[in-house]
Amino acid sequence: MDRTSPVPLYFQLSQQLEAAIENGALTPGSLLGNEIDLANRLGLSRPTVRQAIQALVDKGLLVRRRGVGTQVVHSQVKRPLELSSLYDDLEAAGQRPATAVLAHRLEPASAQVAAALGVPEGSDVQYVERLRSAHDEPVALLRNHLPTGLLDLDAARLEATGLYRLMRGAGITLHSARQSIGARAATGPEAEVLGEPEGAPLLTMERTTYDDTGRPVEFGSHSYRASRYAFEFQLLVRP
C-alpha cells in the first residue's frame with residue numbers, strides 16, 4: 001500500500017484484490033478470512049478493509065456467505081451484443097454452463113407473443129422456462145416461446161445444450177433478431193430462483209429471432225443477475 005498516494009487505501013486494496021482474482025492468484029472458492037484478520041495482517045483499519053471488500057462484492061467478484069466468510073466467485077459473465085445463445089457464449093468463455101428446465105408446455109399465445117411470432121392470439125405455442133448457471137452459480141432465467149411444430153423439444157435435450165444449437169441441428173438457419181435491453185427489480189419468485197434478494201437489480205432482454213426466410217422462430221424474455229452478468233457494446237465513430 002502506498003500511504004503517500006492520493007488514491008484512497010480502500011481503493012488500492014480493492015484493485016490489488018481484483019488483480020489477484022483476474023490473474024488467478026485468488027481462485028474461485030478461495031476464502032479471504034474475516035475483516036479483522038485481514039486488517040491486522042495488512043496493517044489497515046477494519047473500515048478500510050470492509051469498504052474494499054464491499055466494492056468487490058458490488059462488482060460480483062466476492063460474495064459474503066453466512067457461516068463461511070468472504071469468498072471469491074467467478075468473474076462476471078460479459079456477453080457481446082450479437083446473435084448468439086447464452087449457452088454458447090458461456091461455453092466459449094470456459095464458464096461451464098448448466099441448465100435446469102423449470103417449465104415446458106403448450107400454452108395460449110398472449111398478445112405480445114402472438115405479435116412477435118406472427119400467430120393468432122390465443123393459439124398454442126411452445127413455452128420453455130430454464131435456469132442457466134455457470135460454475136454452479138445461477139446466472140439467468142430464460143423464458144422462450146416458439147411456434148408449434150418448429151422443433152421437437154424435451155427436457156433432456158434442453159438441459160444438455162442450448163436452444164439455438166438445437167435449432168441449428170434441426171436445420172433452422174438463424175439469420176437476424178430484434179432485441180431490446182432493460183433493467184428492473186427482481187420479483188420474489190425470480191429472486192428465489194436466481195439466488196438474489198427480492199428487489200435486486202436484474203438486466204432484461206427481449207428478443208425475436210428470425211430464420212433466413214424471414215420467419216419468426218423464437219421470442220425470448222430473459223432476466224439476468226446484474227451482479228454476475230453484463231452486456232458488452234462496441235461503438236464505432238461515424239465518419
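Visitor: Which residues touch the most other members in the largest nonpolar core?

Guide: Bear in mind that this is a predicted model. The largest nonpolar core has 16 residues, and Leu 13, Ile 21, Leu 26, Val 49 and Leu 62 are those that touch the most other members.

Visitor: And which elements give two or more residues to this core?

Guide: Three helices do: H1 (9–22), H2 (35–42) and H3 (46–58).

Visitor: Let me pick Val 49. What does Val 49 touch, not counting residues up to four places away in sequence?

Guide: Its partners are Leu 13, Glu 35, Leu 38, Ala 39 and Leu 44. Val 49 also turns up on the H3 side of the meeting between H1 and H3, and again where H2 meets H3.

Visitor: Good, helix packing then. At what angle do H1 and H3 pack?

Guide: The angle is about 45°, and the axes lie 8 Å apart. H1 is therefore oblique to H3. Their crossing is right-handed.

Visitor: Which residues in H1 meet which in H3?

Guide: From H1 come Leu 9, Tyr 10, Leu 13, Ser 14, Leu 17 and Glu 18; from H3 come Thr 48, Val 49, Gln 51, Ala 52, Ala 55 and Leu 56. Sorted by class, the contact has eight nonpolar residues, three polar and one charged.

Visitor: Now H2 and H3. At what angle do they pack?

Guide: H2 and H3 pack at about 115°, with 9 Å between their axes. That makes H2 roughly perpendicular to H3. The crossing of H2 and H3 is right-handed.

Visitor: Which residues meet there, in H2 and in H3?

Guide: Glu 35, Ile 36, Leu 38 and Ala 39 in H2 meet Arg 46, Val 49, Arg 50 and Ile 53 in H3. By class, the residues of this contact are five nonpolar, no polar and three charged.

Visitor: What is Leu 62 in contact with, leaving aside its neighbours within four places in sequence?

Guide: Its contacts are Ile 21, Leu 32, Ile 53, Leu 56, Val 57, Thr 70, Gln 71, Val 72 and Val 73.

Visitor: Let's change topic to the strands. Where is Gly 220, and why does it count as buried?

Guide: Gly 220 is in strand E9, which spans residues 216–225. Gly 220 counts as buried because its relative accessible area is 0%. Outside the four places on either side in sequence, Gly 220 touches Arg 143, Asn 144, Met 205, Glu 206 and Arg 207.

Visitor: And how far apart are Gly 220 and Glu 129?

Guide: C-alpha to C-alpha, they are 9.8 Å apart in space, and 91 residues apart in sequence.

Visitor: What about Thr 208, buried or exposed?

Guide: Thr 208 is buried, with a relative accessible area of 9%. Thr 208 is in strand E8, residues 201–211. Setting aside neighbours within four places in sequence, Thr 208 is in contact with Ala 116, Ser 176, Ala 177, Arg 178, Pro 216, Glu 218 and Phe 219.

Visitor: One more residue: where is Tyr 229?

Guide: Tyr 229 is in strand E10, residues 229–232, and is buried at 1% relative accessible area. Tyr 229 and Leu 203 are 26 residues apart along the chain, and their C-alpha atoms are separated by 8.0 Å.

Visitor: Zooming out, how many helices and strands does the chain have?

Guide: Eight helices and ten strands. The chain has 239 residues, of which 44% count as buried.

Visitor: Of the contacts between residues at least 6 apart in sequence, what percentage joins residues at least 24 apart?

Guide: That share is 57%.

Conventions. Residues numbered from 1 in each chain as written. Predicted model: local features only at pLDDT ≥ 70, side-chain atom pairs only at ≥ 80, totals over all residues. Heavy atoms only, no water. Core = buried A, V, L, I, M, F, W, Y, C linked by side-chain atoms within 4.5 Å. Buried < 20%, exposed > 50% of the residue type's maximum accessible area, 1.4 Å probe, protein only. Helix = DSSP H or I, 4+ residues; strand = E, 2+ residues; numbered from the N terminus. Contact = heavy atoms within 4.5 Å. Axes fitted to C-alpha atoms, helices over the stretch in contact; angles between N-to-C directions. Parallel < 35°, antiparallel > 145°, perpendicular 65-115°, else oblique. Left-handed = near helix turned anticlockwise from the far one by under 90°. Nonpolar A, V, L, I, M, F, W, Y, C, P; charged D, E, K, R; others polar.
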